[in-house]
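Thanks for coming, everyone. Let me put the sequence and the structure up on the screen, and then I will walk you through a few parts of it.

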Amino acid sequence: MTTYKSDWSKNWVESFFKVEPDHHPGTVFSYDTSSSHTLCALVEKLTGMKMLDYLRIQCLNEIGFSKQAYIIEDPFGVSWGGSGLMATTEDVARFALLLLQMGQWNGKQLIPEWYIKEAVSCTVPNIIHGNELDAVQGYGYQFWKLRKGYACKGKGSQLAICIPEEEFICVTTADTTGVPGGSQKILDGIFEYIVDSLDREEPVDDAFQRACFQNRRLQPLLYKQEYIPDKSFLERVKDRWYRVHGKPDFFKKIMIRLEAEQGEFLLQSEKKEYSIRFGIGKMFKEDFPYYHQLYVASGQWLEKDTLYVEVRILGEEPCLIRFQLVFGDNELTLHMINTGELCFMEFDGWYGGKMA
């Protein structure tokens, strides 16, 4: 478990030492992001420096890590060691190359070779925790073993893959948080179509490469629009406030605005009003209110009274937010699901509203 998720408002590092483990320590593999966060806090406590500043001095400046990189902080001012690094794909590739070279860069030993050997080995088996081939090969010191080599794995399939026996590295920047088994699909493609082709002497047919990149752009939802609400229905439900009944968790009022090729949610809390626009049959791109992170959104009608919208966050907290709205005679049911870890948590759960 991740201990700070039990209460986001309390000190994240403190939670690591106060939340009771659910098994006897040292007996089973249990992935815990708060462990990484606590390690980061210890480094900052002992060095008196921010984690990234310390790492720059130790090795990152030497390998050309970008000056624009940064680490998001938790609400208590500690660098978010488990998930907060914001860096370029090239930055991660440079780090992967440093690992592949066993800590050497331009003849300098920046990280002890013995430590890298130990860190990327299987220090604990993890086969009980999954069915995906490259998720059950074992775990090291913050590194996942793969069928060949090892990887750093970030949220949404942001991967840094090292295969020493092939002298191969591969880095991906992705967001598969809304795709079941998405990370394994990427790894299958890398191993089966790239790694297995490395020793071929003859040119590889580029048909696969063309197939890989064809239609790989993020597509709007409207592949097949089976339901198109009639004009009288749209006129009845659009531009009307629905007042949430019961004891709402966050939002008090909901409105939907609809046009032929785009729409807009208005979600009102006691202190804020969120406006989230989306395309119908196309993507709509904008800055997400209050969070100031880029998003793209697209929607489609699933039935004559059911509208579905996907919002993909492309900023610091890559995630997928799903909205489903079901309109009754004078009522609205809103269901929201999101894959966020720290942000956008208000967009989750069920809301029922009556037309004001």
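Predicted model: local features only at pLDDT ≥ 70, side-chain atom pairs only at ≥ 80, totals over all residues.

I would like to start at Phe323, which, leaving aside residues up to four places away in sequence, touches Phe265, Leu267, Ile276, Leu307, Tyr308, Val309, Val311, Leu334, His335, Met336 and Phe347, where contact means heavy atoms within 4.5 Å. Residues are numbered from 1 along each chain as its sequence is written, and side-chain values use heavy atoms, with hydrogens and water left out.

Phe323 is also one of the residues that touch the most other members of the largest nonpolar core, together with Leu267, Phe288, Val311, Phe327 and Phe347, out of 36 residues in that core. By a nonpolar core I mean a set of buried Ala, Val, Leu, Ile, Met, Phe, Trp, Tyr and Cys residues joined through side-chain atoms within 4.5 Å, and buried means under 20% relative accessible area, with exposed over 50% and partly exposed in between, using a 1.4 Å probe and protein chains only. Strand β16, residues 319–327, supplies the largest share of this core, five residues; strands here are DSSP runs of E, at least two residues, and helices are runs of H or I, at least four residues, numbered from the N terminus. Apart from this core lies another one, of 25 residues, including Cys40, Ile71, Ala96 and Cys152.

Let me turn to strand β18, residues 349–355, which is largely enclosed by the rest of the structure, because five of its seven residues are buried. Which strands does β18 pair with, if we count two strands as paired when DSSP finds at least two bridges between them? Strand β17, residues 331–338, runs antiparallel to β18 and is joined to it by six bridges, with His335 having Trp350 as its bridge partner in β18. Strand β9, residues 241–244, is also antiparallel to β18, through three bridges, and there Tyr242 stands opposite Met355.

In the loop between β17 and β18 we find Phe344, which has a positive phi of about 65° although it is not a glycine. For context, most residues other than glycine have a negative phi. Is Phe344 buried or exposed? Phe344 counts as buried, because its relative accessible area is 0%.

Met102 is partly exposed, since its relative accessible area is 22%.

As for helix α4 itself, its twelve residues should span 16 Å at 1.5 Å a residue, and its end C-alpha atoms are 16 Å apart, so the two values agree; the expected span is 1.5 Å times one less than the number of residues. Asp91, Ala96, Leu98, Leu99 and Leu100 are buried in α4, and the buried residues of this helix pack against α3 (51–60), β3, α5 (113–119), β6, β7 and β8.

Strand β8, residues 168–172, is where we find Ile169, and Ile169 is partly exposed, because its relative accessible area is 27%. Not counting residues up to four places away in sequence, Ile169 touches Ala93, Ala96, Leu97, Leu100, Ile161 and Cys162. How far apart in space are Ile169 and Gly349, C-alpha to C-alpha? The two are 41 Å apart in space and 180 residues apart in sequence.

Helix α6, residues 182–194, has buried residues that pack against β8 as well, along with β6 (150–154) and β7 (158–163). Those buried in α6 are Gly182, Ser183, Gln184, Leu187, Ile190 and Phe191. The helix has 13 residues and reaches 18 Å from its first C-alpha to its last, close to the 18 Å expected.

Finally, a brief look at Ser269, in the loop between β11 (262–268) and β12 (273–280). With a relative accessible area of 10%, Ser269 is buried, and its contacts, not counting residues up to four places away in sequence, are Phe250, Phe251 and Lys252.

Definitions and conventions. Pairing = 2+ DSSP bridges.
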